[in-house]
Amino acid sequence: MFKDKNINVDYVDEPHGPIYTFFLTFGGHFLNLMSANIIYVILNLPGMALAFLFSLLLLPQVSSVFIPDNFVEYMSQFGIVGNAVMNDVGADAVYQLYYIMLFFITTFLVGIGVFAIGPFQAGFEHLYRNIYRKNIVYLISDIKEGIVKNIKQSSIAMLISYLFTIVILYAAAFYKNNFGNVGLAVSVFFCVVFVVFTFIQNMVYQMIVSVDLPLKKIYKNAVIFFFMRPGKSLGLILVAYVLLLIIPYILFLSTMYIAYAVAFFTIFTIVISFVQFMFAYYTGGLINEFILVNSDETSNEETQGDS
C-alpha cells in the first residue's frame, strides 16, 4: 500500500509545446544565433545596397511625399523635428530622418529574406536546420557547407524573389495612384500577395537545404504549407513584421537618437536571426511531419515490393 522511499524513480521530462521548445532551443543557441545575425548583415551588404536603391526609387511612386524635398516640406508643417527648430539645421535633420527611414525599409527587405543573397541565405538556413534538429553546430563550417551544397537552387530562388518583389511592389504603387477605388483595392491585393510571399520565400530557402526536391516542387509545397495552416502562418508573419518593420518604424517616429541606437543594435545583433530561425523552425516541423514521413513510407513500400 505504501511506496518504498528507497526506490529510485527515473526522472521523466514532461513534453512541452512547440513555443516553449522553440524558445528553449533559441536560448540554448543564443550566442550562435547572435553571431550568425552579425555575419548575415555583413555578407548581405550587396543585397542591402540593392534594396536601398529599390526603396529609393519605389517610395516616390507610392506617394509624392516621399520625394526628399517634398518630405522636408511636409515635415516642416510640424515646426519641430526632434529638438531642432525648422531652420537650416532642422532641414538637415529631416533629410537624415528620410535616409534613416530608407535604412529601416532596407533592413526589413533583407531581413525578411526577399532581398537576401541567395547562396548566403542557404548557408544560414543550413545552420538553422542543424540547430532545430539538435545536431552539433559549427557556426562557420555549417554556413559554408550550406552555401556550397545549395548554390544553384538558392541562386535561382534569389532571382525569383528579386523579380517578384520588384514587380509586385511597383504594381501596388502604380494601382494605388490610378483607377480610383478599384486601383486602391488592386493595390491592397498586391500588398497581401507580397506579405504571403515573404512567408513562402523563407520556407523555400529552408526546404532547399532540407529536402532533395526540384525547385518547382519546393515552391509548390511552400504554398501548400501556407494554406494548410493559414492561422499559424499569418501569426508568424505578424511577428516578423512587428519585429522587422513596425517596431523600427515606431522608434523612427520618436526622432530620438537613443531610439535609433536601439533599433540599429537589435537589428544588427539578434532580430534578423530570431525571425529567420522562427520561420526555419516552423518549416522544419512541417517537413518532418509531411515530407520526410511520406518519403520514408514510400521507401518502405518500395523495399517491400522488391522483396
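**Notes on a predicted helical model**

1. Phe179 sits in the loop between α8 and α9, and its phi is near 70 degrees, a positive value in a residue other than glycine. Most residues other than glycine have a negative phi.

2. Some ground rules before going on. This is a predicted model, in which local features need pLDDT of at least 70 and side-chain atom pairs count only at pLDDT 80 or more, while totals for chains, interfaces and linings use all residues. Residues are numbered from 1 along each chain as its sequence is written, and side-chain values use heavy atoms, with hydrogens and water left out.

3. Lys134 shows a positive phi too, about 65 degrees, and is not a glycine. Lys134 belongs to the loop between α6 (118-132) and α7. With 66% relative accessibility, Lys134 is exposed.

4. On the overall layout: the chain has 12 helices and two strands (DSSP runs numbered from the N terminus, H or I of at least four residues for helices, E of at least two for strands). The order along the sequence is α-α-α-α-β-β-α-α-α-α-α-α-α-α. Of the 307 residues, 44% count as buried.

5. Now the largest pocket, with a volume of about 890 Å³. Of its 32 lining residues, Leu59, Val62, Phe66, Ile105 and Leu245 are the closest to the centre. The elements giving two or more residues to this lining are α3 (45-62), α4 (68-76), α5 (88-111), α8 (151-176), α9 (180-210) and α11 (230-253). α11 provides the largest share, seven residues. By class, the lining has 28 nonpolar, three polar and one charged residues.

6. For the record, here is how pockets are set up. On a 1 Å grid over the protein atoms alone, a pocket is an open set of points with protein on both sides within 12 Å along at least five of seven lines, whereas a cavity is a set where a 1.4 Å probe fits but cannot get out; lining residues have an atom within 4 Å of a point. Points are joined across faces, edges and corners, and the volume is the space filled by probe spheres set on them. Ala, Val, Leu, Ile, Met, Phe, Trp, Tyr, Cys and Pro count as nonpolar, Asp, Glu, Lys and Arg as charged, and the others, Gly among them, as polar.

7. The second largest pocket has a volume of about 550 Å³. Its lining has 18 residues, with Pro18, Ile19, Leu236, Tyr281 and Tyr282 nearest the centre. α1 (18-28), α11 and α12 (257-306) each supply at least two lining residues, and α12 gives the most, nine. The classes here are 12 nonpolar, three polar and three charged.

8. Check the salt bridges as well; there are two (a side-chain nitrogen of Lys or Arg within 4 Å of a carboxyl oxygen of Asp or Glu). Lys149 and Glu145 pair at 2.7 Å, N to O. They are four residues apart in α7 (residues 139-149), so about one helical turn separates them. Lys149 is exposed at 61% relative accessible area, whereas Glu145 is partly exposed at 30%.

9. In the other bridge, Glu289 meets Arg229, with the closest N and O atoms 3.1 Å apart. Glu289 is in α12 and Arg229 is in the loop between α10 (215-228) and α11, so the pair ties together parts that are 60 residues apart in sequence. Both are partly exposed: Glu289 at 41% and Arg229 at 24%.

10. On the surface, Ile246, Tyr249, Ile250 and Leu253 make a nonpolar patch with about 390 Å² of accessible area together. Patch members have over 30% relative accessible area and no salt bridge, with nonpolar side chains (Val, Leu, Ile, Met, Phe, Trp, Tyr) joined within 5 Å and like charges within 9 Å; areas are Shrake-Rupley with a 1.4 Å probe, and for residues only the protein chains shown count as cover. Ile246 is in α11 and is partly exposed at 39%.

11. Lastly, a buried residue: Phe22, in α1, has a relative accessible area of 7% and is buried. Phe22 and Phe277 are 255 residues apart in sequence, yet 9.2 Å apart in space, C-alpha to C-alpha.

Key:
Buried < 20%, exposed > 50% of the residue type's maximum accessible area, 1.4 Å probe, protein only.
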